[in-house]
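Q: Could you walk me through this structure? I'd like to go chain by chain, then look at the contact between them.

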Amino acid sequence: MKDNQHIVTAFDDDLSELNISLQNLGKMAITQFELSIDALATQHQNTLDKIIKDDVNLDDLEAAIHEKAFEIIAVRSPLAQDLRHVLVALKIATILERTGDYARNIANRTKVIATAGNENIPGVNIGRMGQVTRDMLQDVMRAYATRDADKALDVWRRDIEVDHMHTAFYKEVLASMSRDPNVVATGAHLLFIAKNIERIGDYATGIAEQIYFLVHGAVPEDSRPKADRTSRVVGV
Amino acid sequence: MDTSVDMIPENKLKAQKVNVFYAEKQALYDVTLGIDEKSVTSFIGPSGCGKSTFLRCFNRMNDVIPSCRVQGQILLDDVDLNSPKIDPVLLRARIGMVFQKPNPFPKTVYENVAYGPRIHGLAANRQEMDYIVEDSLKKAGLWKEVSDRLNDQATGLSGGQQQRLCIARAIAIGPDVLLMDEPCSALDPIATSIIEELISDLQSRFTILIVTHSMQQAARVSQKTAYFHLGQLIEYGDTKEIFTRPQNEQTEAYISGKIG
């Protein structure tokens, strides 16, 4: 018998099922987010509709993960790392489902922007901000798959880059809105989209903290570096 | 004035380098630990790990096994229990024991509780004995159920009631320490819950050591947990730490059901 196997093999099967479902939810959330960033640039209607329509799949899988975790707690009475495994799966599932909600929100706002047809809004950095955030999500879910707390902490530290980009983008859009009142509606949607991306970056760090807890049984000791200054911008 | 020292619970019991042998076979290896006063401490581990053997060191129950030898010190309030000066009978009045299967005497409910105080001369008259019996049954959470059945045969009680009667019998002689060797393993979940609730109540008066095979029971009732494996004390610490983030891989494997 391998060291990491339970005597009751069905317990291993349950944890494995939970693990696979969570990784699938991770893939779905990353895909939805990636598509939403692409569609922000292309304004491709079919893609935007697909993102909005597919969000329910994430909701369903999150519910299934919650049900499985509930069942494992009731039936298997997990302890120590097994218990952390189940609790962490619950929290990460919620984070990934919320990531999907933000992707859907980006798609909804992109549809409005596409209808307005305004070409004068600067958007040079938002795509890059989306890619960096997407990479964080991908890396953190890889860290989950391999239970790599160091890799998770690396993602945790990288969020500051997204914060900097968000603050810069915020100022940029605000400046455009000040110059041209015709772009205020579109600019407001872009500010929300940027905020959604910045929140997804925060979620990636939240997943990283869960991975660290899963491996070490404690949260990271250092406070996370943060640099989102948009709440202090008073004008441009 | 710094009073923080006063807040540290005293070690009621201390085991120092305890080795136990059954003939040539060694059952415990150099076990050293301290037990806090008025707390519940669980001993867990697979069958044959030495946890019951260790529990029995605390009231010298191993004395009755001819091939058994105990080395090292067991201290109760810093007095060595294995000293030749200690009378095991008087010792067992200070350290009571409850066993896996309820084992009431084939006597009445009243006589089961009165037996110990009588042989130790703790009651001067019937009135005092009545008080001890009632008080003990109340402390064991059984009084309401048996107050009108004191003269019935104890063997007619349910399993859970019999076990609480055994606890009443143990506490009737005023011990400081209660040893419990799998006290709920023969009981249904309801009777088990009642005993666990009772253990929590008794903790304010007694230092309690409990051997259990139920991880959840250890987690529920005790403040400290000791994990034994093959006669070695592998890990000893706060129960919530042992069951959420054990430091030793063997402990993790055992409580997670990964070794038999």
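This is a predicted model: local features need pLDDT of at least 70, side-chain atom pairs count only at pLDDT 80 or more; totals for chains, interfaces and linings use all residues.

Q: Fine. What is the secondary structure of chain A?
A: Chain A has 6 helices and 0 strands. Helices (H or I, at least four residues) and strands (E, at least two) are DSSP runs, numbered from the N terminus. Along the sequence, the pattern reads α-α-α-α-α-α.

Q: What box do its C-alpha atoms fill?
A: For chain A, roughly 70 × 40 × 25 Å, taken along the principal axes.

Q: And how much of chain A is buried?
A: Buried residues make up 42% of its 236 residues. A residue is buried if 20 or more other C-beta atoms lie within 10 Å of its own, exposed if 12 or fewer, and partly exposed in between; these C-beta atoms are placed from the backbone.

Q: Which residues have the most contacts inside the largest nonpolar core?
A: A:Val140 and A:Ala208, in a core of 134 residues. A nonpolar core is a set of buried Ala, Val, Leu, Ile, Met, Phe, Trp, Tyr and Cys residues joined through C-beta atoms within 7 Å. In soluble globular proteins, nonpolar side chains tend to be buried together.

Q: What is A:Ala208 in contact with?
A: Leaving aside neighbours within four places in sequence, the partners of A:Ala208 are A:Val140, A:Ala143, A:Ala152, A:Leu153, A:Val155 and A:Trp156.

Q: Switching to chain B. How many helices and strands?
A: Chain B has 10 helices and 10 strands.

Q: What is its radius of gyration?
A: Chain B comes to 19 Å. A compact globule of 260 residues would be near 18 Å, so the value agrees. The radius is taken over C-alpha atoms, and the globule rule is 2.2 Å times the number of residues to the power 0.38.

Q: How much of chain B is buried?
A: 43% of its 260 residues.

Q: Now the sheets. What is the strand order in the antiparallel one?
A: It is an open sheet of 4 strands in chain B, ordered S2-S1-S4-S5. Strands pair if DSSP finds at least two bridges between them. The edge strands are S2 (25-36) and S5 (79-80) of chain B, each pairing on one side only.

Q: How many bridges join S1 and S4 of chain B?
A: 8, between S1 (residues 11-22) and S4 (residues 68-76) of chain B. B:Tyr22 stands opposite B:Cys68, and B:Lys14 has B:Leu75 as its bridge partner.

Q: And S1 with S2?
A: S1(B) and S2(B) pair antiparallel over 8 bridges. B:Asn11 is bridged to B:Asp36 there. Their hairpin has 2 residues between the strands, and B:Ala23 takes a positive phi near 55°.

Q: What about the sheet of 6 strands?
A: That one is open with mixed pairing, in the order S6-S7-S8-S3-S9-S10 (chain B). Its edge strands are S6 (95-98) and S10 (232-238) of chain B. S7 (residues 177-181) and S8 (residues 207-211) of chain B run parallel, joined by 5 bridges. One pair there is B:Val177 with B:Thr207.

Q: Where does B:Leu91 lie?
A: In helix H2 (residues 88-94) of chain B. B:Leu91 is partly exposed because 19 other C-beta atoms lie within 10 Å.

How values were computed: Residues are numbered from 1 along each chain as its sequence is written. Chains are lettered from A and ligands numbered from 1 in the order in which they are written. Two residues are in contact if their C-beta atoms, placed from the backbone, lie within 7 Å.
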